[in-house]
Every structure is written in C-alpha cells, then in structure tokens.
Amino acid sequence: MKPKNSYDVIVIGGGPAGSSASALLSEQGHRVLLLEREKFPRYHIGESLLPFTYQPLERLGLIGRMKKSAFVKKYSVQFVSPSGRASLPFYFFNRYDRESIAQTWQVLRSEFDQMLLDNTRAKGTEVKEEITVKELLRDGERVIGVRTVSKDGETKDYHATITLDCSGKEAFSTVRNGWRVPDPYLNKIAVWTYYKGAKRDAGVDEGATTVAYVPEKGWFWYIPQHNDMISVGVVAEGKYLTRGGVKAPEEIFKREIEENLWIKEHLSHGLSTGNYYLTSEYSYHAKHCATEGLLLVGDAFAFLDPVFSSGVMLALKSGVMAADAVHQAFVTQDFSPEIFSNYAATLRQGVENMRKLVYAFYNPDFSFGRVIKKYPDAAGEITDCLSGDVNKDFSQLWKWVSEFVPLPDDLPVGQPLTHSEELAKA
C-alpha cells in the first residue's frame, strides 16, 4: 500500500529545469508533484537564451508561443574592448537555419518562467507554490520523498518513487549531501541594474548580446529586452570590483561604466531604474548526479560562470534529458543510480566544453580575434560553442586555443553515487 501523498515523481523547484522535466514526465502519464518555494511570477536573473534552447522548447511545445511573444529576437553575440571597439558579431545563422535554431530570444525571466510553469501545469503536473522543502525523507540510503513547510507553517510529507532536485543555485540536496565542488578558478561577483531607453543597435543586431570587457578581465553584459529596457551588469573578481573600499552596488556599477567606452556611450542615452543587485557568481559542480531515489537537474547539478549565457540552455536541456531517463526507468522498473550514467556523462561533456571556452575568455593572453586570424575555421567552431551546441567534438578547437592559453582538464565529477560506493564509505 502506497503512503499518503504519494506520487511517481517529486520535483523540487519550478524554474526551467523543474518545469521542463515535470512537463515531459506528466506528458508520459506519470503522476508528478512540483514544489516551488516562491509565488510566480517572480524576478530572476539569467535573461539571455542560446540558440540550442530551441530543441528543448520544441519538445515542450512552446516554439509557437515564443515566436508570438514580445521577447526580443537575438541573432548574435559580439565582444567589445575597453576602448569601445566592437568585434564582428558571431551570427548564429552563419552556422544554423535562420528560421529555427539560429534565432533565439532575450527574455524577462518572470514572464518566461511563468510560461514554463503554466505549461507543465497544463500537461497535468500538480504544482504547489509557496511551499518550502526542508529535508529529504529516506528509507536507509534511499530517498523516498520530502518534508515540506507551507507559508502557513504546516508541515507535510510527500513520497515518490524518485525525487528530482531542480532547486537551482540553492542546490538543495547537493549542499546537504556534501557534494558541492567549487570550480578551482571561476569565482566572480556580479553587480547589475536595468536602464530604460538606452541605445541599442539597429536591424538584425537590435537584440544582440554584447560582452564588453573591463580591465582585469572583468566584463559587462548588455542585453536588450522588450518594453525598451536593457539589462546591464558587470562581472569580475570581488577584490577588483571593491577596490578602494567601494562596497555599495550602485557605486561599483557607476565606477565600472567609466571603464568601457561602448557601455558608457550606450547607457548615456537611457536612465537607470535605480535598482541595483549584487550576487556571487561562484561556479560549482556536483560530485554526483544521483543516488538511490534522487536525481540532480539544472543548476543543482552544475552552475557555470554566466559569461556565455549557458545557464537556461543547460537547465532546459538537462530537464528534457532527465525526463527521458526517468521515464525509461519507469518503463524498465530499474531505478538504480547507474542508469543515470549516460545522463551524467552527456551533461558533463557539455559543461566541460563551455567551461574550456570560459577559462580561455578570462585569460589575459586570449582573444578570439588572434585565434581566428591564425585559424579561420575556428570562427565556426567558436560560434557553435557560443550557440550552445556543446555536445559536439571540439577537440580541434581546443588544440588551436591551447596554442594561445592553457585549458583546464575535465573535472572528475558528476557520475551517480552507486550502492557499492556507499557500502565502501560505510
């Protein structure tokens, strides 16, 4: 007899990873409960999509709604030196079909995430908002559900065959299991705000993401959004941004504007909303992706420096992959952690490819222009990686890039924690 409040799948978190995984599992006929701490719509940073979000959005049946939305269309990314000189844009349509993958969007996460949550609810997922997961329930080493507290203070247990941790950067079970592994190098902070009426480029470049360098290998993002808004923020080492004892986000941001002429000129046409935000952008990785009854998805599995906007793409991609792997587990009735080995290997390959490009970006001796000048074919490979095509073979690109700067080895993390490993630890 199943316990009270029993489901096939519990999903912790209603962001892109949780909404996509739950939608596809509900579509397959599984009984899914999604638990979200906040009330949607809610504010969230991470507003630029990559072209390779197209396939997950297509699986979710949302391409039509995206095309009809007010979200600004994005066709490229460009890089700007501190002097204000802009690179030629990396146009995605030079590599992919312009009418599908090569055109993506700049989104407001409050609206985008609401659309994803509504979609999973429409497919049959039971969604509970304003409810906080306090702990994982276990039978021995096996996760069998979660204990929650509602906003009214009511404690309630929910049980499921498998629980998906899609809790984002909070990485609920990653932290509690002691699985969080910090990236050896990618430890930055970000300060950002929004401008209304700031300058945006014309035509097909109107929705381009601009990455504008500041000294010490920090950088600005400049993301055009609808309603004439610009999302703009600066990312760098904390000791650089707080030099001279400056700690207030507004003061940090306004000082850095002076460090890049392109940013300064573009923002001079608009007005700040007056709201300034600050967060750490510490990259981390989960030592394991799964154990008995538990699977990590999205940022709970890994969070990578935001310079190339890979976060939402990896969240959606992992949500789709998790749904497929979990559905297969129900078909075969095999829920052993080992069945998620291919899921882990595929995700890690994508993270590691993007991570190599991020490491190169932060090296003072690296520039895209120098690599492409010596190896013209590298332009296409770089565009592919920037597009989010992260599971292709980039070995040639990394050989070219490593002639200019060292690249990191793959981290030995991510594989499931198997029963034999747990016994060995005991």
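A: A search of the whole structure finds 0 disulfides, a disulfide being a pair of cysteine sulfur atoms within 2.5 Å. Cys 166 takes part in none, and the nearest cysteine sulfur, belonging to Cys 289, lies 13 Å away. The model is predicted, so local features need pLDDT of at least 70 and side-chain atom pairs count only at pLDDT 80 or more, whereas totals for chains, interfaces and linings use all residues. Residues are numbered from 1 along each chain as its sequence is written, and side-chain values use heavy atoms, with hydrogens and water left out.

Cys 166 counts as buried because its relative accessibility is 6%; Cys 385 is likewise buried, at 0%. Here buried means under 20% relative accessible area, exposed over 50%, and partly exposed in between (1.4 Å probe, protein chains only).

The largest nonpolar core holds 118 residues, of which Phe 112, Leu 164 and Leu 295 touch the most other members. Helix H9 supplies the largest share of this core, 13 residues. Such a core is a set of buried Ala, Val, Leu, Ile, Met, Phe, Trp, Tyr and Cys residues joined through side-chain atoms within 4.5 Å. Leaving aside residues up to four places away in sequence, Phe 112 touches Leu 49, Leu 57, Met 66, Phe 71, Val 107, Val 312 and Leu 316, contact meaning heavy atoms within 4.5 Å. A second, separate core of 23 residues includes Ala 198, Tyr 222, Val 234 and Tyr 276.

H9 covers residues 311-332, and 16 of its 22 residues are buried. Helices (H or I, at least four residues) and strands (E, at least two) are DSSP runs, numbered from the N terminus. Just after H9, Gln 333 adopts a positive phi of about 60°.

Most residues other than glycine have a negative phi, and most peptide bonds are trans. Glu 130 has a phi near 55°, in the loop between strands E7 (126-128) and E8 (131-139), and is partly exposed because its relative accessibility is 30%. Asn 227, with a phi near 60°, lies in the loop between strands E14 (218-224) and E15 (229-236); at 52% relative accessible area it is exposed. A cis peptide bond, with omega about 0°, joins Phe 40 and Pro 41, and Pro 41 is in the loop between strand E2 (32-35) and helix H2 (54-59).

Terms used
The expected span of a helix is 1.5 Å times one less than its number of residues.
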